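Subject: Structure handover

Hello,

My notes on what was found in it follow below.

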Amino acid sequence: MPPLRGSMIKYLGSKRGLLPQILRAVGAAAGDRAVVADLFSGSARVSHALKAAGWRVLANDELPFAQTLACGLVQADAERWGARADRLLAELSHLPPASGWFTATYAETARYLHPVNAARLEAMREAIERLDPEPELRAILLTALIQAADRVDSCAGHQMSFMRELAPRAMKPLLLRRPELLPRPAAGPCLALAEDAVSLAGAIECDVAYLDPPYDQHVYLSNYHMWETLVRWDRPDTYGRAQKRTDCRTRRSAFNTRAGIGPAFARLVTGLRARTLVVSYGAEGFLARAELERMLAGRGFLHVLEVPHRRYAGTRLGIHNARGEKVGTPGPDGTMERLYVASDRRLDLPRNQDYRMVHEAAEAAGALDTQQAADALAVQQVADAGRCTAIAAGPSATA
């Protein structure tokens with residue numbers, strides 16, 4: 001059973017469009033055998049790409065479904081698990097449907113899936129539970145289930161709601177494919193963790209840390225509660241039309257609040273033992289650009305790259321009530337994603353349209369101290385999207 005190349009689940013905040021710039025930034029800072037940590041791995045798209053590029057990756061996300069994706073796509077190696085995963089996925093594919101609690105909840109009460117696909121998914125998930133495979137193999141099988149369900153779901157990129165009528169793709173049969181497993185990098189084995197990122201920061205050592213934290217009030221557990229239930233298989237109490245898990249009301253991160261995100265991000269940046277940080281952060285997040293630059297400038301050299309991109313489909317469709325009537329207007333088509341690259345040394349970033357050096361605050365200000373350099377930068381306006389701001393702060397800037 002060949003892998004479905006490039007198959008990743010639909011995910012709010014996915015960095016598919018930013019991957020070339022992220023890999024370029026990491027490549028400028030990391031050697032061939034570097035350790036790169038992705039502390040908010042989410043769908044594992046970035047961690048998977050980092051492993052494919054040859055680095056040893058530490059992928060972390062405290063949500064069990066996200067940690068499972070990272071284990072199945074990043075920690076697990078193709079040469080060890082590929083053949084056995086193919087055999088088991090082929091066996092699972094031939095199981096007859098078996099509807100139960102999962103089908104009733106997510107295909108009848110809520111309509112995220114066609115009932116037949118949900119019943120097939122439920123039969124496969126029960127079989128995996130009985131099989132009780134090794135953790136990495138289990139993660140591969142569960143990742144295959146999530147990816148298969150994602151290809152035939154009936155929602156607009158998240159599970160806060162579902163389509164009034166089943167989407168055309170939901171009428172297609174659910175098909176299992178092996179996730180895109182990668183060989184173990186020469187740099188060493190990769191690892192998937194499920195820890196609080198701030199607590200983990202001081203306990204790990206890495207060459208580069210990639211940070212893509214939540215940046216507004218939207219909680220990823222609520223956005224993808226069905227995947228959480230599919231992984232945990234715990235039949236939780238649910239509520240509302242969307243049939244969200246009740247723990248969506250209580251499991252929240254400091255990064256999802258205006259009051260908490262600043263102190264949490266500052267502790268994260270301070271605690272990380274990495275020479276270079278690569279931070280992805282949306283322009284509409286709780287933290288303003290000047291705040292982020294102020295926190296990161298103390299690391300020495302800072303580049304800021306602005307990349308425009310389209311908003312997710314649900315925002316562009318507008319707001320509808322329970323009867324499917326439009327009661328709100330669509331949001332803007334586009335927004336801005338920013339990539340902050342902070343390092344203790346000047347990085348040799350490509351001098352093209354993406355990474356064109358336009359300013360060095362410390363040199364322009366006469367080698368100001370770190371805080372002064374950050375304040376000087378905060379009052380500047382870089383208007384052209386896709387331009388890169390370089391900041392050299394502290395005495396090392398003029399060395």
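**Aromatic pairs**

Searching the whole structure turns up eight aromatic pairs. Please keep in mind that this is a predicted model.

One of the pairs is made by Y112 and F162, which are edge-to-face, with 5.3 Å from centre to centre and 75° between the planes. This pair links distant parts of the chain, the two residues being 50 residues apart. Y112 is in the loop between α5 (101-109) and α6 (115-131), while F162 is in the loop between α7 (135-151) and β3 (191-193). Y112 and F162 are both buried.

Y220 and Y224 form another pair: their ring centres are 6.4 Å apart and their planes meet at 25°, so this pair is stacked, since planes under 30 degrees apart count as such. Y220 is partly exposed, at a relative accessible area of 23%. Y224, at 1%, is buried.

Y112 and F162 also belong to an aromatic cluster, together with W101, F102, Y106 and W233. Elsewhere, a charge meets a ring: the charged end of R249 sits over the ring of Y239, at 3.7 Å from the ring centre.

**Helix packing**

How do α4 and α6 pack? Helix α4 (residues 78-93) packs on α6 at an angle of about 135°, and the axes are 9 Å apart. The two helices are therefore oblique to each other, because an angle counts as roughly antiparallel over 145 degrees and as roughly perpendicular from 65 to 115. The crossing of α4 past α6 is right-handed. On the α4 side the contacts come from L88, L92 and S93; on the α6 side they come from R120, M124, A127, I128 and L131.

Helix α2 (residues 45-52) is mostly covered, with seven of its eight residues buried. These are R45, V46, S47, H48, A49, L50 and K51. Among the elements that cover them are the helices α1 (19-29) and α3 (64-75), along with the strands β1 (35-38), β2 (56-60) and β4 (208-211).

**Backbone on either side of α2, and one further case**

Which residue just after α2 takes a positive phi? That is G54, with a phi of about 105°. A44, in the loop between β1 and α2, has a positive phi of about 75° although A44 is not a glycine. For context, most residues other than glycine have a negative phi. A44 is buried, with a relative accessible area of 0%.

R235 is another non-glycine residue with a positive phi, here about 45°. R235 lies in the loop between α10 (225-232) and β5 (238-239). Is R235 buried or exposed? Its relative accessible area is 53%, so R235 counts as exposed, the cut-off for that being over 50%.

**R252**

The last item is R252, placed in the loop between β6 (244-245) and α11 (258-271). R252 is partly exposed, with a relative accessible area of 45%. Which residues is R252 in contact with, leaving aside its neighbours within four places in sequence? They are Q217 and V219. The C-alpha atoms of R252 and S222 are separated by 9.6 Å, and the two residues are 30 residues apart along the chain.

Regards

Technical notes. Residues are numbered from 1 along each chain as its sequence is written. This is a predicted model: local features need pLDDT of at least 70, side-chain atom pairs count only at pLDDT 80 or more; totals for chains, interfaces and linings use all residues. Side-chain values use heavy atoms; hydrogens and water are left out. Rings of Phe, Tyr and Trp (its six-membered ring) pair if their centres lie within 6.5 Å; planes under 30 degrees apart count as stacked, over 60 as edge-to-face and the rest as tilted. Helices (H or I, at least four residues) and strands (E, at least two) are DSSP runs, numbered from the N terminus. Buried means under 20% relative accessible area, exposed over 50%, partly exposed in between (1.4 Å probe, protein chains only). A charge sits over a ring if NZ of Lys or CZ of Arg is within 6 Å of the ring centre and within 35 degrees of the ring normal. Axes are lines fitted to C-alpha atoms, for helices over the stretch in contact, and angles run from 0 to 180 degrees between N-to-C directions. Angles under 35 degrees count as roughly parallel, over 145 as roughly antiparallel, 65 to 115 as roughly perpendicular and the rest as oblique. A crossing is left-handed if the near helix is turned anticlockwise from the far one by less than a right angle, and right-handed if clockwise. Contact means heavy atoms within 4.5 Å.
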